[in-house]
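My notes follow in the order I checked things.

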Amino acid sequence: MDNGMKKLTALAGVIAATALLAACSSGAADAVTPTSDSSAFELPPTSGVFDYQLGGAYDELDLGDEPVGIDVVVRGATSEPLDGAYSVCYVNGFQTQPDDAEFWLEREDLLLHDSNGELVIDPEWPDEYVLDPSTSAQRDGILEILGPVIDGCEDDGFDAVEIDNLDTWTRFDEIDESGAHALAEAYVTRTHDAGMAIAQKNSAEITQVAHDEIGFDFAVTEECGVWEECAAYTDVYGDHVLQIEYPEALEKAGMTFDEVCVLADRAPLTILRDVELVPAGSSGYVYDAC
């Protein structure tokens, strides 16, 4: 299940700038070979220190007597990559960001409508509209906006991209599955063309398809320990899986993080974070690692 609390970094400024540029123009690990005609990219390391920082960036972890450096990190597209670390750029590819409503409402044809013609809002995250990738024209329109955001991740120095909310077609009946997969393929191609790897985010039910047919290179998974689905990712992507668990979900499931850490199918890089992903030193901050 996608957790919108991990999407606190707004792309409003990035989207506005890239849309303007588009309008003007029209008027770590072992290297692998991408599926498109782009330069080689690297997959994330499978050992070291991992952190998930969408609620605010920081450069070190305070885990004991001395600060600890970070080897792999996920940050929002409006943040800078972490110097010296394998940095993954978060992009919300299938829903809008909380601060982007006005921008997207001016492009309402790209947003999902229900059978009554009303805009669909994610009931779990009522400040996010759902994008509609059902037709080729809609996919082109979405990619015209978010494609430059992906390119901007590479320009900033990120190593990879994480595309969120791949699973909208499973949560909203109005979305055409083939259209959602086609948009995902477009994101994969755009990311590979920029020389970066791209992560499947959640959606355990289509992991084999996501890897083999859509072309994702590694995975980012939330709560796979809670949902007993870590093998769906590690069986397909091997050690190239970044796993995040959250205290509230573990408590609800009657599990502890220690129990997650001894699961045979959990990812080598597995961490516990607070659900709001607040920066280190903030009230409510939680971090632990297996």
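Entry 1, strand pairing. The model is predicted, and I read it as such. I began with strand β11 (residues 241-245), which runs parallel to β12 and is joined to β12 by 4 bridges. I looked up one partner pair here: glutamine 243 is bridged to threonine 270 in β12. Then I turned to strand β13 (residues 287-289). β13 pairs with β12 over 3 bridges, in the antiparallel sense. Across that pairing, I found isoleucine 271 opposite alanine 289 of β13.

How many residues of β12 (residues 269-273) are buried? I counted 5 of 5, which leaves the strand mostly covered. I then sorted the side chains by direction. Leu269, Ile271 and Arg273 point one way, while Thr270 and Leu272 point the other way. Both sets are buried.

Is arginine 273 buried or exposed? Arginine 273 counts as buried because its relative accessibility is 0%. Aspartate 274 is at 6% relative accessibility, so aspartate 274 counts as buried too. I also noted a network elsewhere: salt bridges with shared partners join Glu162, Asp164, Lys201 and Glu222.

My search of the whole structure gave 10 salt bridges. One of the pairs I looked up is aspartate 164 with lysine 201, at 3.2 Å from N to O. This pair links distant parts of the chain, with the partners 37 residues apart. Aspartate 164 sits in strand β8 (residues 160-164) and lysine 201 in strand β9 (residues 197-201). I found both residues buried.

I next took aspartate 167 and arginine 171, whose side chains form a salt bridge at 3.1 Å, N to O. Aspartate 167 has a relative accessible area of 6%, so I list aspartate 167 as buried. Arginine 171 has 30%, so I list arginine 171 as partly exposed.

Where is threonine 96 found? I located threonine 96 in the loop between β7 (86-92) and α2 (101-105). Threonine 96 counts as buried because its relative accessibility is 1%. I set aside neighbours within four places in sequence and listed the contacts of threonine 96: Trp104, Leu111, Asp127, Glu128, Tyr129 and Leu131.

Key
Residues numbered from 1 in each chain as written. Predicted model: local features only at pLDDT ≥ 70, side-chain atom pairs only at ≥ 80, totals over all residues. Heavy atoms only, no water. Buried < 20%, exposed > 50% of the residue type's maximum accessible area, 1.4 Å probe, protein only. Helix = DSSP H or I, 4+ residues; strand = E, 2+ residues; numbered from the N terminus. Pairing = 2+ DSSP bridges. Contact = heavy atoms within 4.5 Å. Salt bridge = Lys/Arg side-chain N within 4 Å of Asp/Glu carboxyl O.
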